[in-house]
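The entries follow the order in which I consulted the model.

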Amino acid sequence: MRQSQLFTKTRRDAPKDEVAKNAQLLIRGGFIHKEMAGVYSYLPLGLRVLKNIERIIREEMDAVGGQEILMTTLQDPAPWKKTGRWSDDVVDNWFKTRLSEDSELGLGHSHEEPLVQIMRDHVSSYRDFPKAVYQIQTKFRRELRSKSGILRGREFVMKDMYSFVRTQEELDEFHEQVAAAYMRIFERAGIGERTFRTFASGGSFSRFSDEFQTLCDAGEDTIYLDREAKLAVNKEVHTPDVLEELGLKKDSLEEAKAIEVGNIFKLGTRFSEPLGLTFKDEKGEERPVIMGCYGIGLGRVMGTVVESLADEKGVVWPEEIAPFRVHLLALSGGNRDVVAEADRMYDLLHEHGISVLYDDRDVRAGEKFADAELIGIPTRLVVSEKTVAEGGVEATTRTDGTTTFVSESGIIEHLAG
Ligand code: ATP
Ligand code: MG
């Protein structure tokens, strides 16, 4: 993509009312637009990042056998009344809307109830299991505090998967498979090293739920972590009893702030029972289906990457989720040979399937450098009079700022390594 064609512009200052670092940097870089507190639109650069996160999540959910669907946002109150979750006293973050004088609808904050309704039409025999179904879809939550940028949206995209199995063993087994898939997702998104599987307050069927917490000072959660064992305990369940149960020593745990990037639960029969989702076992006996659920916020992951990896100059994107692999800067100063060489480089990268943001704008070099640092694409390639004379480009890595001269024939290899 040619930067001269990109409709978004970078800006020096973030809006005064924006206090979250992730949103400040993302707004300045032209990745997102703030509509109001907790409500953001994704612009071309931001959408590319979100789509990359979506692709990683989809690949990993498909790999554990998840089947993708797309459910509706508008929610019929009936099944929610059956499970006791329609009341605002029980679920305090419902957005509800009125269809007519006497009929209300909900805007989905989660999808256990409607999916159980769907499954009732399709699974009934022990032969129909196990199954896992997921979607990547917009959720609405009336979050009271919305000061954390895209980490806590009132409208946000979530991947939510639900599993349907016959026995506790099947549930435990699938839960572990998804936990492993989650760690792969966070590794691929560039935050694996600082993300810890964390014991947190329970699902309805188990003593704990598993959160995935990324170390970050901006986090709202406090966790106690064992770095070597690569696990942690959320403050909400950090009691002498729990530590003993988990075989953890209080003194060997480190207290830290963290962001919850994912959460997986064993639901058991919490929803299948009241909604009548059952199956006939081998003996022909009717039994309730056992369920689990598995959530990740896409914007939460994106915001966490920004919060934890950015430096004083701007965003630093890990390769797999970066909006582009290469930021190509033409510093021509009006020199046509430089423009021609940069154009050629742009084509060459394209031919090799490498995504490029090409800064072909007629602006000062200093502005191009500052924008490249703010936008945070992993590799910057500079073409200038000097590099043309030397027959190559100057390659700079965004993470550590190291710059090397690379001859034209070595560029593709440089990017691969
Ligand atoms: P929190 O405690 O942060 O409010 P939660 O425990 O209510 O989150 P879940 O219902 O477990 O959230 O949702 C699954 C995942 O969806 C979370 O782990 C997080 O990644 C993401 N998520 C939840 N709420 C939001 C939000 N308001 N904005 C963006 N992502 C969110
Ligand atoms: Mg949670």
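**Entry 1: the ligand site**

I counted 16 residues around ligand 1, the closest being E143, R152, G153, E260 and V261; a residue counts as near if one of its heavy atoms lies within 4 Å. The model is predicted, so that local features need pLDDT of at least 70 and side-chain atom pairs pLDDT 80 or more, while totals for chains, interfaces and linings use all residues. Residues are numbered from 1 along each chain as its sequence is written, chains are lettered from A and ligands numbered from 1 in the order written, and side-chain values use heavy atoms, without hydrogens and water.

I then listed polar contacts (pairs of N or O atoms within 3.5 Å). A polar side-chain atom of E260 is 2.5 Å from an oxygen atom of ligand 1. For R300, a polar side-chain atom lies 3.0 Å from an oxygen atom of ligand 1. The protein buries 82% of the 580 Å² that ligand 1 exposes when taken alone (Shrake-Rupley method, 1.4 Å probe).

Which elements give two or more residues to the shell around ligand 1? I found β8 (155-165), β13 (254-268) and β16 (290-297), strands being DSSP runs of E of at least two residues. The largest share, five residues, comes from β13.

**Entry 2: helix α2**

I noted that α2 (residues 44-63) has 20 residues and reaches 28 Å from its first C-alpha to its last, close to the 28 Å expected at 1.5 Å a residue, a span taken as 1.5 Å times one less than the number of residues. Helices are DSSP runs of H or I of at least four residues. G65, with a positive phi near 90°, follows α2.

How values were computed:
A polar contact is a pair of N or O atoms within 3.5 Å; within protein, one must be able to donate a hydrogen and the other to accept it, and residues adjacent in sequence count only if both atoms are side-chain atoms.
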